[in-house]
Structure formats: C-alpha cells, structure tokens
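Here's a quick tour for anyone new to reading protein models. Grab the sequence and the 3D view, and let's walk through them together.

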2 protein chains.
Amino acid sequence: MADAVATAEKSFAAACDHARRTALLASVEALLGWDERTMMPAAAGGYRADQAAALAALVHRERTDPVQGERLAALAAGPLAQAGSPETQATIRLLRHDFAKQARLPARLVEELARACVEGQQAWARARADASWSMLEPWLRRIFSLKREQAACQLPDLDPYDSLMDDYEPGARWASVAEVFGRLREGIVPLVRRCVEARKRPDDALLRRDYPVEVQRRFVQEVAARIGFDFERGRLDTTDHPFCSTAGPDDCRITTRWDERFLPTALFGVMHEAGHGLYEQGLRRDWYGLPPGEAASLGVHESQSRLWENLVGRARDFWTWCFPRARAAFPATLADANADAMHEALLRVRPSCIRVEADEVTYNLHIMLRFDLERAVVQGELDVGDLPAAWNDRFEADFGIRPPNDAQGVLQDIHWSAGLIGYFPTYTLGNIFSAQLMRAALDRHPGIPGEMAAGRFDTLLGWLRTEVHAVGRTLESVPLVTRATGQTVSERWLLESLEERYGPAHGF
Amino acid sequence: MADAVATAEKSFAAACDHARRTALLASVEALLGWDERTMMPAAAGGYRADQAAALAALVHRERTDPVQGERLAALAAGPLAQAGSPETQATIRLLRHDFAKQARLPARLVEELARACVEGQQAWARARADASWSMLEPWLRRIFSLKREQAACQLPDLDPYDSLMDDYEPGARWASVAEVFGRLREGIVPLVRRCVEARKRPDDALLRRDYPVEVQRRFVQEVAARIGFDFERGRLDTTDHPFCSTAGPDDCRITTRWDERFLPTALFGVMHEAGHGLYEQGLRRDWYGLPPGEAASLGVHESQSRLWENLVGRARDFWTWCFPRARAAFPATLADANADAMHEALLRVRPSCIRVEADEVTYNLHIMLRFDLERAVVQGELDVGDLPAAWNDRFEADFGIRPPNDAQGVLQDIHWSAGLIGYFPTYTLGNIFSAQLMRAALDRHPGIPGEMAAGRFDTLLGWLRTEVHAVGRTLESVPLVTRATGQTVSERWLLESLEERYGPAHGF
C-alpha cells in the first residue's frame with residue numbers, strides 16, 4: 001500500500017510537470033496574443049497568424065499526449081484521488097476532465113475550428129464595417145455547425161449548449177442559468193422603465209469634458225495601483241478592445257482605450273481590467289499552471305472585474321477618496337465639480353444599441369438576448385439565417401428601440417465569429433456573483449465603505465484573496481460563491497444593489 | 001533522370017518547409033527576447049527564463065531532426081546541388097552546413113552552455129556592479145571551456161577560434177582577419193595621436209544641452225522613417241542596451257536609450273539600429289527563414305548599421321538636411337547653432353575606457369584588444385585568470401590610460417559571459433565593409449551626397465538593397481563585399497574616410 005502511494009505520488013508529480021509544461025507554452029501563446037493587440041506592427045499580422053497556429057498546434061499536441069492520458073487514468077483509479085490533499089484531488093479530477101474533453105476532439109475538428117475562427121473574425125470585421133449580414137452569414141453558419149460538432153464530441157452526455165458552456169463556466173447548465181436570468185429580468189425590466197420615465201435624470205455632462213490622455217494615463221495607473229494591482233508583476237497598455245492577459249505567474253497585462261472627451265472609458269475600463277488582474281495576481285503561485293492556481297470560471301473572473309468597476313468604482317464612498325485625486329489631476333476640467341456631482345453623473349441609465357457602451361442596469365438585458373439566441377441556434381431551434389430578424393425583434397421588445405442596422409445589432413460583437421458560443425452568459429453570471437460577493441464582504445467587514453472613502457482597499461481585497469482567489473479552480477463557481485457568501489447563489493443582491501444606487505440617482 | 005529531379009524537388013520543398021517551421025519558432029523566441037528587454041514587468045524574469053528555455057529546446061529539437069538531416073544529405077548528393085538555381089544550391093549547401101554543426105553538438109553540451117550563459121550573464125551583472133573580477137572569473141572559466149568544447153565538436157577541422165567565428169562571420173579565419181586588423185591598426189594609432197595632440201579640438205558642448213526626451217522621440221522617428229525604416233513593418237522602443245530584433249518578415253523592432261542632456265545617444269543609436277533594421281527589412285521576403293532570405297553575417301549586418309550611423313549620420317551633407325529639422329524640433333536649444341557647428345561637434349576624438357561610448361576613430365582599437373585577448377584564451381595561450389592584467393596592460397599601451405577598475409576594463413562587456421566569443425571582430429569588420437561599400441556607392445552614384453543634403457536616401461538605400469540585402473546569405477561576407485564594390489576587401493577606405501572627416505575637424 002505504501003508502495004502504491006509512492007508510485008502514485010511519483011506519477012502525480014509527472015502529471016503536474018506535464019501540465020506545467022503545457023501551461024508554459026500556453027503562456028507564450030498568451031504573450032503573442034497580447035503583443036498582437038498592443039504592439040505588433042500593422043503589416044505583421046499574416047506571419048503572426050502562422051506563429052500562433054504553430055504554437056496552438058504544439059499546445060494541443062501536449063494537451064492530448066497519450067502518456068499523460070494514461071497517467072491521469074491511473075491516478076484517478078489510485079489512492080491519491082480519494083486520499084490526497086484537496087488540491088491534489090482537484091488536480092487529478094480536473095486535469096482528467098480537461099484531458100478527456102480535448103482527447104475526444106478529432107484533430108481535424110480542432111484544426112478546422114481554428115481556421116474557421118480566424119477567418120470568421122476577419123469576415124466579421126469586414127461585415128461590421130459594411131453593416132452587411134450576408135458577408136458574415138456563411139462563416140457563422142459554418143462556425144455554429146463546427147461548434148455543435150465540438151459540443152457533441154467533447155461532453156457527449158450533455159445538451160450541446162451545456163457542453164459549450166462548460167468551456168467557460170464549468171458545471172453551468174442552461175436550465176439553472178435560464179432560471180436565475182429569468183428572475184433577474186423580472187426585476188430589471190421595471191427598473192429600467194422607472195429610470196427611463198423618471199423626471200430626475202442624472203446629468204453626465206461633467207464626464208464629457210477635456211481629459212487629456214497623458215494625464216488620464218497617470219491618473220488611472222494611480223487608481224489601479226491603489227486598489228492593489230501590482231505593477232511589478234504587470235503593466236498597462238493601449239488597445240482597441242481592452243482585455244487582461246496573463247503571460248506568467250508574475251506577468252499580468254491589462255489594457256485600455258482612451259477617450260479625451262469621456263473619462264469613464266479609461267477609468268472604468270482600467271478598474272474593470274485591473275479587477276481581472278487582481279484575480280490573476282491573487283491566484284496561488286505555487287500551483288501556477290495547475291487547477292488550484294487557475295481561475296474558477298469566466299463568470300467568477302467577471303465577478304472580480306465588475307466588482308471593482310461598478311461596486312467600488314461607482315460607489316459614493318469611493319468618490320470621497322477619488323474625487324480630490326481626480327480634481328488634482330484635472331484641475332481646470334473639474335474646477336466647478338464635487339464628489340456628489342461626479343458620483344451622480346456616473347449613474348445615468350440610457351438604453352442603447354451597443355452592449356459595450358451600455359449602462360450597468362440595461363447591460364444584462366443585452367446579455368440575456370444573446371444567451372437566448374445563441375442557445376436556440378445551438379439547439380437547432382433557430383436558423384442562423386434568422387438571427388438578424390430575431391435580434392431586432394427581441395431588441396425592440398426589450399429596449400423599445402429597433403437597431404438602425406445590423407452593425408448596431410447582430411453584428412456588433414466578435415464573439416460568435418471567434419467561436420465563443422456559450423460565453424455570453426458568463427458576463428451576467430459575473431454581475432450576479434459580484435453583487436453577492438460584495439454584500440458578503442460588507443456584512444463580514446462593515447468597515448469597508450469607510451476604508452474606501454479613505455482610499456484603502458486592503459480589507460476588501462484581502463477578503464477576495466481568501467474567499468475567491470486562493471480557491472483557484474478547486475470549486476466550481478456556484479459552490480465557490482455559496483461558500484464565500486454563506487448564501488445560495490441568487491440574483492437578489494444584484495437587483496438590490498442596482499435599486500439602491502440607481503433609484504436615488506433617478507429620484508426614487 | 002526527370003524522376004530524380006522531381007524527387008529532389010519534392011524533397012527540397014520538404015527541407016524548406018522544415019527550415020521555415022524552425023524559423024517560425026525561432027521568431028517567437030526573438031519576440032520573447034524583445035519583450036524581456038523592453039516590456040516585461042520587473043518580477044517576471046524567472047518565468048521568462050523558463051519560457052525561453054522551453055522554446056530553445058523546441059528549436060534545437062527541430063534543428064537537429066534526423067529526418068531533415070537525411071533529406072539534406074540526399075539533396076547534397078542529388079541533381080539540385082549542382083543544377084538548381086543559385087538560391088537552391090546555396091540553400092542546400094548552407095542548411096546542410098548548419099545542420100551538421102548543430103548535429104555534432106552533444107545535447108548535453110547545448111544544455112550546459114545554455115545554462116552557463118544565463119548564469120554567466122547574471123554573474124556578470126553583479127560582478128560589474130561591484131567591479132569584482134573574482135565574482136565573474138569562475139563563470140568565465142567554465143564558459144570558455146564549454147566554448148572550446150563546442151568549437152572542437154562543431155567544426156573539428158578548424159582551429160577552435162575559427163570554428164567559433166563561423167557562428168557569426170561564416171568563412172572568416174583568424175589569420176586573414178588579424179592581417180587586415182593589423183594594417184588598420186597601423187593607420188589608426190597615428191591618426192588617434194594626431195587628433196589627441198591637435199591644437200584644434202572640436203567643441204561638443206552643443207550636444208550636451210537640453211533635449212527633452214519626448215521631442216527626441218518624435219525627431220529620431222522622423223529621421224529613421226526618412227532614411228527608409230518602414231514603421232508599418234517595425235517599431236521603436238526604449239531599452240537599456242539597444243538592439244534590433246526581428247520577429248517575422250514584417251516585424252522588425254529597433255530600440256534605443258535616451259539621454260535628455262546628450263542628443264547623440266538616441267539619434268545615432270537609432271540611426272545605427274535602423275541601419276540593422278533596413279537590412280532586415282530589405283531581405284528577400286519570398287525566402288524568409290531560408291539562407292537566401294537571411295543576413296550574410298554579423299559583419300555585413302554591422303556594415304549596414306555603421307554606414308547609416310557614421311557615414312550618413314556624421315556626414316556634413318546629411319546635416320544640411322537634418323540641422324533645420326533638429327532646430328525645428330529643439331528651437332530654444334539650437335537657437336544659436338548651425339549645421340557646421342553641429343557637424344563638427346560630432347567629430348570629437350577622445351580616448352576613453354568604455355567601448356560603447358567610444359568615438360568612431362578609437363572604437364576599432366577597443367575591438368582589436370578584445371579580438372586578440374579572446375583568441376589567446378581560446379587557443380590556450382592566455383589563462384582566463386590573467387585576463388584583467390592583460391586587458392589593462394594592453395589598454396594602457398593603446399590608449400595611454402589604465403582603466404581605474406575592472407568595471408571600466410575587462411568587466412564592461414556582456415559578450416563573454418553570454419558565450420559570445422568570436423563575435424567582437426564582426427564590429428570592426430562591419431566598419432571596414434561599411435567604408436568600402438559607401439565608397440563604391442558614391443563612385444557608382446555621385447549624386448548621393450546632394451540627395452542626402454536634400455533629405456533623400458533612396459538611391460543609396462536602393463544600391464544597398466540590390467548589392468547587399470537581396471544577396472542574403474548566398475555569399476559569405478568577403479565575396480559579397482568584393483562583388484558589390486569590385487574591389488578586394490581592404491581597410492584602406494575606412495582609413496581614408498576617417499582621415500577625410502576627422503582630419504579637418506582637428507585642423508589637419
């Protein structure tokens with residue numbers, strides 16, 4: 001028996017080495033992706049695609065190495081799967097789950113998908129520029145069909161949509177996500193109506209003044225560092241479509257856009273990405289490249305970004321600290337302003353066609369629309385060709401506006417043409433998790449708002465580090481949030497939070 | 001026979017594919033190196049070393065793939081090696097040469113060398129900071145010993161030093177390099193003495209005024225673009241030790257340092273690196289990753305950087321165009337200056353301890369010292385432990401100054417601790433080639449100086465594109481320069497050029 005354990009431990013170490021080596025190559029892939037979107041010269045895109053494809057092939061080969069598969073099968077049947085430390089057990093279980101998913105995908109499908117998604121994104125860029133659905137339709141048809149094939153291969157026991165969601169939100173199932181979204185919708189629709197019909201409307205003119213980019217850069221870096229983003233282990237750069245990317249355990253890179261006539265673009269963009277970055281920087285370094293050192297899910301990831309962006313960044317207490325800083329940075333621009341006016345300006349609700357420009361209240365309606373439509377296509381209930389009409393009808397019903405063209409409608413997001421199907425719900429799950437986590441943090445540490453007003457964020461961050469970051473992927477998102485908050489996952493804290501903040505700003 | 005040719009052509013295509021795939025991975029390695037020195041967060045170095053080592057191992061595995069070895073051996077014995085196009089013949093010959101060198105190195109040696117050089121560079125940084133030779137000596141001893149082993153393995157028929165030079169300057173042999181260096185030395189030593197003893201000394205105070213970095217950045221980018229560096233296919237960034245790195249056929253990245261009180265640091269630094277960049281951008285795109293699309297040697301590479309830095313950048317005609325630009329960029333700083341004063345300020349000769357700060361005339365004496373010492377160590381004529389004393393004695397004899405400490409002497413360069421032995425002579429070879437090439441360009445196109453004065457550089461660049469860049473590695477450096485100039489390679493044009501420019505500046 002002692003022998004069996006010793007053998008299993010040796011085999012476990014080998015499995016971890018293998019996974020770490022794969023993570024090493026995947027981190028190089030991430031660096032190439034970051035470079036492509038921030039630094040790469042304009043003409044270098046063609047060769048970069050070749051470099052990325054070559055690395056992707058190497059990573060896929062490592063991920064499906066049969067030796068690792070046998071090792072993991074033996075470990076799953078061996079003593080450590082039951083008697084190892086919680087981290088060891090989770091590592092065996094999740095590496096095996098990931099391996100099985102990858103190994104069930106035919107190499108041909110992986111390659112076809114990779115190519116279809118690169119070409120799909122290029123077609124999308126052209127189609128959106130021309131507001132021409134017909135330019136994208138054939139690509140989307142092919143991508144949805146390949147993704148259905150992927151779904152059926154990788155987790156054949158699940159519904160296709162559930163199988164796809166598993167890539168982004170492990171363990172999530174359509175039925176329960178749809179249920180919680182349904183209840184959230186019942187609360188949001190009337191809230192939007194009340195905001196839109198309110199006689200009091202927050203004036204956001206203050207945000208649309210001169211904010212020189214170089215000053216913004218220093219200002220948002222100060223804010224990011226203050227909430228805890230470690231610039232010794234990360235950096236901030238400029239890009240068109242902001243993201244956070246991790247190229248190693250001490251190398252987390254966040255990005256933003258700048259608008260010299262609208263402060264929130266960069267300020268909340270950076271607080272959002274820094275929220276992702278704080279999660280990445282808070283993962284366990286000793287388990288880097290293995291499930292205990294990985295993020296639990298994209299929903300949990302988004303909960304961290306949205307918490308810092310919205311529940312800290314749009315909180316009145318935060319502006320007690322932040323406003324004097326902002327006025328010092330932009331003395332002429334903010335000479336006649338104060339923290340109250342600034343805070344209120346940030347709470348304007350205004351239904352609009354574009355998701356990434358949506359306010360916090362209407363945002364989730366954008367997500368639910370995509371969630372319902374993509375699921376219907378994957379399940380075979382809606383034809384790809386009917387997406388634009390279905391989009392516009394649903395949008396009109398939800399927002400009272402019909403998109404003037406498909407660029408403002410079904411063509412606005414890159415996700416589907418990049419093969420990211422089953423991904424959208426993680427945005428709203430993130431919002432739900434963020435409000436529930438923030439409520440629990442405030443209940444546990446009532447001093448947090450006062451600290452925020454003094455520009456101190458370590459109690460909040462410390463609580464997130466312990467309850468969320470250090471957990472890694474050893475729990476799925478729902479058990480993780482349940483354990484951290486002591487409450488079943490529910491939309492009610494998000495609704496409460498929205499009503500508490502947006503009601504008064506709109507006079508109710 | 002037709003069958004044999006068809007088979008050979010198929011095999012040639014496969015060999016080229018293999019080499020291109022290796023180049024693809026090597027280009028990712030280059031990108032990692034660039035990122036490490038320009039962008040990487042401070043704390044990320046440890047993991048970056050792991051990433052680099054993993055990629056290096058992949059590249060080495062590809063480079064020594066036995067299938068490729070057999071393919072190349074068959075090609076070398078087949079019809080294409082004699083009857084293929086010049087590019088095909090050169091490709092077969094050089095891929096085979098490279099493969100044989102790599103394959104003769106035991107994997108153990110490759111790994112030991114890689115580790116010793118990483119550790120050696122770290123030891124060097126500490127040793128230089130402390131000006132402590134004893135902190136570096138054991139590492140250098142190990143590195144020289146491993147390099148001697150490498151030399152004996154890779155090209156066993158050559159002298160060890162010649163074998164090492166082959167990595168940087170294919171075909172170069174110590175005996176002939178030493179001969180040309182000896183003649184160059186005979187001309188430079190009296191020239192330095194005349195400059196130092198001259199009663200007229202150029203006044204360089206003009207260069208040591210306020211040059212705000214942000215303005216410098218725009219100014220040097222304008223200059224680099226004007227001489228032909230294509231920023232659609234490249235970029236400029238900041239680093240401590242400037243370099244030029246290529247991450248793909250359309251992705252050439254140059255770097256510089258900035259000194260707000262000394263314009264030449266960035267201006268000539270960027271003209272130098274842009275010279276390297278022009279060569280990279282001028283290589284044949286259709287042969288990227290294969291010898292006809294590779295640089296001929298480091299000496300030829302350096303000839304391009306030095307030509308633009310010194311023979312263009314320090315030419316009086318160049319300043320006819322450049323001075324008004326400089327005054328527009330730095331109006332207060334240069335209010336009382338003119339093109340003549342600027343040009344003269346750039347020609348000050350002043351012996352000093354540090355190679356990278358040396359003027360153009362004394363520079364080659366720094367190189368010859370290193371060339372002689374490293375060769376003596378490799379050939380077993382000088383013990384590593386005797387390097388500091390040998391350095392200081394030789395330096396005093398050549399420059400009339402004894403370095404005040406080893407940081408200003410034997411510890412100043414990173415090369416030896418990075419395993420770059422046999423590399424130094426390429427700097428002076430580059431200077432020799434640059435003067436000979438410039439002379440030939442001027443003879444062929446007497447309009448070049450007038451164009452330079454008008455800020456036009458396309459005739460000069462076009463000539464270099466045809467005579468140097470497009471040749472790739474199909475010729476070794478000496479035949480390449482001979483063919484381009486119609487003259488045997490000689491130091492005389494470098495001596496002439498130095499005397500023509502530095503004599504008048506020093507009143508003779």
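In chain B, β2(B) and strand β3 (residues 252-256) pair in the antiparallel sense over three bridges. Two strands count as paired if DSSP finds at least two bridges between them. Strands (E, at least two residues) and helices (H or I, at least four) are DSSP runs, numbered from the N terminus. Keep in mind that this is a predicted model: local features need pLDDT of at least 70, side-chain atom pairs count only at pLDDT 80 or more, and totals for chains, interfaces and linings use all residues. As for labels, residues are numbered from 1 along each chain as its sequence is written, while chains are lettered from A and ligands numbered from 1 in the order in which they are written.

**The sheet in chain B**

- The open sheet here has three strands in the order β1-β3-β2 (chain B), and the pairing is mixed.
- β1 and β2 (244-246) of chain B sit at the edges with a single partner strand each, so one side of each has no neighbour in the sheet.
- From one strand to the next, the twist averages 20°.
- Helix α11 (residues 263-282) of chain B lies across β1, β2 and β3 of chain B, at about 165° to β3(B). For angles like this, axes are lines fitted to C-alpha atoms (for helices, over the stretch in contact), and the values run from 0 to 180 degrees between N-to-C directions.

**A helix in chain B**

- Helix α17 (residues 425-444) of chain B has 20 residues, which should span 28 Å at 1.5 Å a residue; its end C-alpha atoms are 29 Å apart, which agrees. The expected span is 1.5 Å times one less than the number of residues.
- 15 of the 20 residues of α17(B) are buried, so the helix is largely enclosed by the rest of the structure. A residue is buried if 20 or more other C-beta atoms lie within 10 Å of its own, exposed if 12 or fewer, and partly exposed in between, with C-beta atoms placed from the backbone.

**Where the chains meet**

- On chain B, 29 residues are in contact with 28 residues of chain A. Contact means that the C-beta atoms of two residues, placed from the backbone, lie within 7 Å.
- The elements giving two or more residues to chain B's side are α1 (2-38), α2 (45-63) and β1 (234-238) of chain B.
- α1(B) gives the most to that side, with eight residues.
- The side of chain B that touches chain A divides into 16 nonpolar, four polar and nine charged residues. Here Ala, Val, Leu, Ile, Met, Phe, Trp, Tyr, Cys and Pro count as nonpolar, Asp, Glu, Lys and Arg as charged, and the others, Gly among them, as polar.

**The sheet in chain A**

- Chain A also has an open sheet of three strands, in the order β1-β3-β2 with mixed pairing.
- β1 and β2 of chain A are at the edges, each with a single partner strand, so one side of each is left without a neighbour in the sheet.
- Strand β1 (residues 234-238) of chain A pairs with β3(A) in the parallel sense over five bridges, and A:Leu236 stands opposite A:Ile254 in β3(A).
- Strand β2 (residues 244-246) of chain A runs antiparallel to β3(A), joined by three bridges, with A:Cys244 opposite A:Ile254.
- The hairpin of β2(A) and β3(A) has five residues between the strands, and A:Gly248 takes a positive phi near 155° there.
- In a regular strand, side chains alternate between the two faces of the sheet.
- Both faces of β3(A) are covered: A:Cys252, A:Ile254 and A:Thr256 on one side and A:Arg253 and A:Thr255 on the other are all buried.

**Chain A as a whole**

- Chain A has 21 helices and three strands.
- Its C-alpha atoms fill a box of roughly 75 × 50 × 45 Å, taken along the principal axes.
- Of the 508 residues in chain A, 44% are buried.
- A:Gln82 lies in helix α4 (residues 80-83) of chain A and is exposed, with 9 other C-beta atoms within 10 Å.
- The C-alpha atoms of A:Gln82 and A:Val196 are separated by 56 Å, and the two residues are 114 residues apart along the chain.
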